[in-house]
Amino acid sequence: MAFSVVFHHDTTDPLAVISAPPPNESSHDRAAREERENEAQRISDLIDDEIRAERAVRKKEENTVKILLLGQSESGKSTTLKNFRMRFARDRWIEERASWRAVILLNLVRSANTILDALSQEMDDADPDELDDAFKFDDYYRQYKVRLNPLQAVENNLKCLLGATEDIQPRKQISPSTIAPSGSPEFFVRSRTWRNFLQATRGPEFSRHSFQQDLPTLLDSTDVIANGKDDIKALWEDSRIQAMLWRRKTRLEDSAGFFLDSIDRLSARDYEPTDDDVLRARLRTLDIQEHELIVDDETDAPKWKIFDVGGSRTQRHAWLPYFDQVNAVIFLAPISCFDERLVEDPRVNRLEDSFILWKAICSSKLLSRTILVLFLNKMDILEEKIRHGVMVKRFLPSYGDRPNVTNDVVKYLRQKFKDTVRYCSPEPRVCHIYPTSVIDTKSMSATLISVRDGILREHLKRADLF
């Protein structure tokens with residue numbers, strides 16, 4: 001028997017009229033309608049969830065300060081990041097400090113092997129006309145090479161422990177005296193590999209993991225270094241070796257002297273890395289390193305997300321994606337490198353390369369509203385070079401007859417970088433410039449506080465405008 005369904009709705013409410021089921025709706029039609037309505041409601045709920053998620057992400061981003069560390073390779077970016085973490089994430093820093101022991105020993109051994117490689121080249125390049133002197137030189141130092149030969153295996157073992165890979169990028173070489181000896185090729189560690197190593201060897205997990213795997217390698221390496229430390233010190237302190245390194249322009253790491261001078265402490269079995277040791281330890285990583293920090297104790301203070309991107313020429317293409325919505329760029333220009341050449345291309349002066357990079361950053365429209373912070377870095381090395389009589393105008397003719405004094409050099413370069421901001425920026429902006437030595441923890445702590453306050457002030461000011 002047929003029957004009709006009577007729906008009662010308020011005819012004065014237009015929405016009620018529109019949403020009301022049609023009259024004389026059959027049970028089949030009603031089921032189909034309800035299925036369509038349920039599907040529409042499901043889609044609506046999904047859209048609402050997406051909107052809520054986007055709002056949450058936007059709110060989180062609004063409360064996050066995005067910082068990029070930029071600069072050429074070996075400009076001090078990673079050391080600056082270490083300073084940030086040491087100052088604003090102290091507990092985690094202390095947990096990870098012991099994990100740097102393998103890196104520090106590797107830095108030490110690589111420096112010793114670089115000296116030995118240069119010594120080998122010196123012997124091979126001996127002038128036949130000076131055979132007697134060359135023979136004496138060769139005979140005297142061959143003993144060191146034989147006794148220190150196990151250091152090559154130590155270097156390889158430590159690289160394997162860290163998951164390191166040798167640089168696959170070929171080096172352009174004009175003269176063999178412009179780069180490090182070929183026996184010490186550059187190496188790198190994948191960022192993920194390094195993070196996994198830190199996670200496995202820090203804090204409470206260190207004893208369980210390291211005693212099973214890492215500690216025997218570290219102790220064996222330490223024993224080999226300890227057995228050869230007297231020979232290493234003798235080579236490093238030998239005036240003829242120092243003269244040879246200078247003559248061949250052998251390129252050692254900036255921290256080589258620090259670690260070689262500390263070999264007694266570093267070669268002890270119970271050695272524990274200090275803050276200064278970790279700051280000076282160099283570990284080249286590929287990919288992007290990202291760290292989140294709380295730089296202010298205020299509960300509503302924004303979180304900082306700092307990105308350390310590779311500075312070598314082969315890695316600079318990775319910078320561009322990180323320019324989007326960045327709040328500040330901290331650019332490191334090593335002003336001590338006025339007399340140095342790029343490892344990747346010895347035809348290019350390193351200071352010139354820094355100016356080119358700085359100009360590109362200042363000119364970028366993507367960074368037109370970004371806060372700029374410039375570290376004129378490696379002041380300590382600049383002072384040492386000038387103290388030893390290196391003339392800046394010889395490598396930087398535009399410096400002219402200005403005094404060959406550190407403060408005058410810094411003043412001149414500071415103005416040059418400042419002029420670049422003024423003439424190349426798409427719109428007027430302020431640039432905060434700091435002469436720095438990022439291995440000086442005391443001065444860097446004060447500098448980072450100043451940088452933090454300046455960036456947060458500008459961040460809040462711009463937030464109030466929107």
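**Buried faces and ring pairs**

Me: What covers the buried residues of α15?

Reply: The cover of these buried residues (under 20% relative accessible area, 1.4 Å probe, protein chains only; over 50% is exposed, in between is partly exposed) includes β8 (371-377), α16 (392-395), α17 (406-424) and β9 (431-435). Contact means heavy atoms within 4.5 Å; helices (H or I, at least four residues) and strands (E, at least two) are DSSP runs, numbered from the N terminus. The model is predicted, with pLDDT of at least 70 needed for local features and 80 or more for side-chain atom pairs, while totals for chains, interfaces and linings use all residues. Residues are numbered from 1 along each chain as its sequence is written, and side-chain values use heavy atoms, without hydrogens or water.

Me: Which residues of α15 are buried, and how do you know where they lie on the helix?

Reply: In α15 (residues 379-387), M379, I381, L382, K385 and I386 are buried. Viewed along the axis of α15, they fall within an arc of 160° (taken from the directions from the helix axis to the C-beta atoms), so they line one face of the helix. After α15 comes G389, with a positive phi near 90°.

Me: What makes F84 and W304 an aromatic pair, and why is the pair called tilted?

Reply: Rings of Phe, Tyr and Trp (its six-membered ring) pair if their centres lie within 6.5 Å; planes under 30 degrees apart count as stacked, over 60 as edge-to-face and the rest as tilted. The centres of F84 and W304 are 6.1 Å apart and their planes 45° apart, so the pair is tilted. The pair joins helix α3 (residues 77-88), which holds F84, to strand β6 (residues 303-308), which holds W304, 220 residues apart.

Me: Why do F84 and W304 count as buried?

Reply: F84 has 0% relative accessibility, so it is buried. W304 is also at 0% and therefore counts as buried.

Me: Why is the pair of Y399 and Y412 called edge-to-face?

Reply: The planes of Y399 and Y412 stand at 85°, with 5.2 Å centre to centre, so the pair is edge-to-face. Y399 lies in the loop between α16 and α17, and Y412 in helix α17, 13 residues apart. Y399 is buried at 1%, and Y412 at 9%.

Me: What makes R402 a charge over the ring of Y399?

Reply: The rule asks for NZ of Lys or CZ of Arg within 6 Å of the ring centre and within 35 degrees of the ring normal. The charged end of R402 sits over the Y399 ring, 5.9 Å from its centre. R280 is placed over the ring of F258, at 4.2 Å.
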